Amino acid sequence: MPSASRLRRKVAIVGAAETELGVLPDRSMIQLHAEAARLALADAGLTEDDVDGIATAGTTPADISEYLHISPRWVDGTAVGGGSFLMHVGHAAAAIEAGYCDTALVTHGESGRSRVGMGPGDAGPSSIQGQFEHPFGGWGPPSMFSIPQVRHMHHYGSTEEQFAAVAVATRRWATLNPRAMMRDPISVEDVLNSRLIAWPLRLFNCCLVTDGGGALVLVSEERAHDFPKPPVWLLGRGEATAHRSITFMDDMTEWTPAKQTGASAFAMAGLGHADIRHLMLYDAFTHVPVYALEALGFVQPGEGGAYFAEMHTTPGGELPVNTNGGGLSYTHTGMYGMFAIMESVTQLRGEAGERQLPGLELSMTHAPAGMFSGTSTLILGNQ
Amino acid sequence: MAYDKPLPEPTPETQEFWDGLKRHELRIQRCLDCDRFYFFPRPFCPHAGCRSGNVRWETVSGRAKLHTYVISHRGFGGFADDVPYVIAVVELDEGPRMLTNLVEVEPTPEALPVDMPLEIVYDDVTAEVTLAKFRPARG
């Protein structure tokens, strides 16, 4: 396990912002990165001229440097899927502590819906996925990220109704968020009656597909109080990758790498489950936060579905999860992890409006690398 | 009509697997030190604690069990006419898992109990490529 104290209160998020979200055909992917970057810098009272470190995924640090016309002295292009930005936060903190940079900018932008200025997606026909998955008609995350769920249902007796309840619970939060794309309450029956996509997934088991961006600015403890907004401290982090193709996930009933990254984050922060009363669990599909809740140890293996179905994660519940409305109802550009971090920051800043959790001091954010291929966990705090 | 679905492009490490399928043989690798099979092909044992380079290709039974699956109700390109179709992970009797399509079976949850026995079907999709698909075992 990593040292519990080395990063404690050493690095803070001092700038955080999202672009407009939704359907934005007038903006390219790279412009969404830049727009988010400039908004996050403005949030911190900074400009591009103050940035000497860049981390990004979905494009490269070189592209961001070029587009913003800056020359950072530290870069990180870790790109392992939707949770890459959580990893970037951990890497940026280490870089700041090591003196590799002073002001790190983490950017996300994606024209996931309008597909403006997006590069090619799939791996080629000689890749492992190209040889051993693509010939069988998997057509993206809805047909592939979903592959393990039936094994979970078989092994634990989890049910389609329970997974449907994840969408219902998450929508309850979205009704409180004016920026959420989908705000009308839904029922378990609505989910089960929505059209089949890739059984056991139906439409309402799937996240949205949107355009948008978000960015974060990180600095060292010494400077953390010199900005307009109160600092949000990185207290713990963990990351892991295990495979790329869903076929080669060793145990289809559990998110094995998430067990590791959750434990690492808790150990580093010196905290335990009882300390965490706000969770952001990347919800590309309704089974993903169920696997996460179990792997992170908030419930016993196999009990995640029932926990959501009992509505413990909803407004007024004992463990609020995905308080922005999640990828299911708020926004999902393709690599949603940035927005999960953003909601943790928003809640810890006390800026969450009607959905604000009173007196919140800690938040845990968790996101996948790819499709169950790995994970990253962050624990953030405002004290 | 020309085959219009994605085709694999073998690498030097995987060529024997694809050549075997073309001969209607399922060829996977086995570690001679820890005695276990593995898949996907690579010239070293991936098992923790072993990692040996002492491996060889073997022809295996083609028998498997249904590990998990989805029934895709959307399909793109050449798959558009196939919906609904089953994308499954099967566990070979020798241990390794692979992704495949299930054929000769109703694409419904009722017809597809987890762990049902399966057997390989060699699907010669082009003159060059044979894909390993699976159907309910016949005995």
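1. Ile54(A) stands opposite Val75(A), a residue of strand E3(A). The two strands concerned, E2 (residues 53-56) of chain A and E3(A), run parallel and are joined by 3 bridges. The model is a predicted one, and the remarks here should be read accordingly.

2. E2(A) and E3(A) belong to an open sheet of 9 strands in chain A, with mixed pairing and the order E3-E2-E4-E7-E1-E8-E11-E10-E9. At its edges are strand E3 (74-76) and strand E9 (279-281) of chain A, each of which pairs on one side only. On average, neighbouring strands of this sheet are turned by 25 degrees against each other, direction ignored.

3. Turning to the contact between the chains, chain A gives 26 residues and chain B gives 32 residues. On the side of chain A that touches chain B, helix H4 (128-132), helix H6 (149-156) and strand E5 (196-199) of chain A each supply at least two residues. By class, that side of chain A has 14 nonpolar, 10 polar and 2 charged residues.

4. Strand pairing also occurs across the two chains: E5(A) is joined by 2 bridges to strand E4 (residues 63-72) of chain B, and these strands run antiparallel. Within this pair, Ala198(A) stands opposite Ser72(B) of E4(B). As background, strands of a sheet pair through backbone hydrogen bonds, either parallel or antiparallel.

Terms used
Residues are numbered from 1 along each chain as its sequence is written. Chains are lettered from A and ligands numbered from 1 in the order in which they are written. This is a predicted model: local features need pLDDT of at least 70, side-chain atom pairs count only at pLDDT 80 or more; totals for chains, interfaces and linings use all residues. Two residues are in contact if their C-beta atoms, placed from the backbone, lie within 7 Å. Helices (H or I, at least four residues) and strands (E, at least two) are DSSP runs, numbered from the N terminus. Ala, Val, Leu, Ile, Met, Phe, Trp, Tyr, Cys and Pro count as nonpolar, Asp, Glu, Lys and Arg as charged, and the others, Gly among them, as polar. Two strands pair if DSSP finds at least two bridges between them. Axes are lines fitted to C-alpha atoms, for helices over the stretch in contact, and angles run from 0 to 180 degrees between N-to-C directions.
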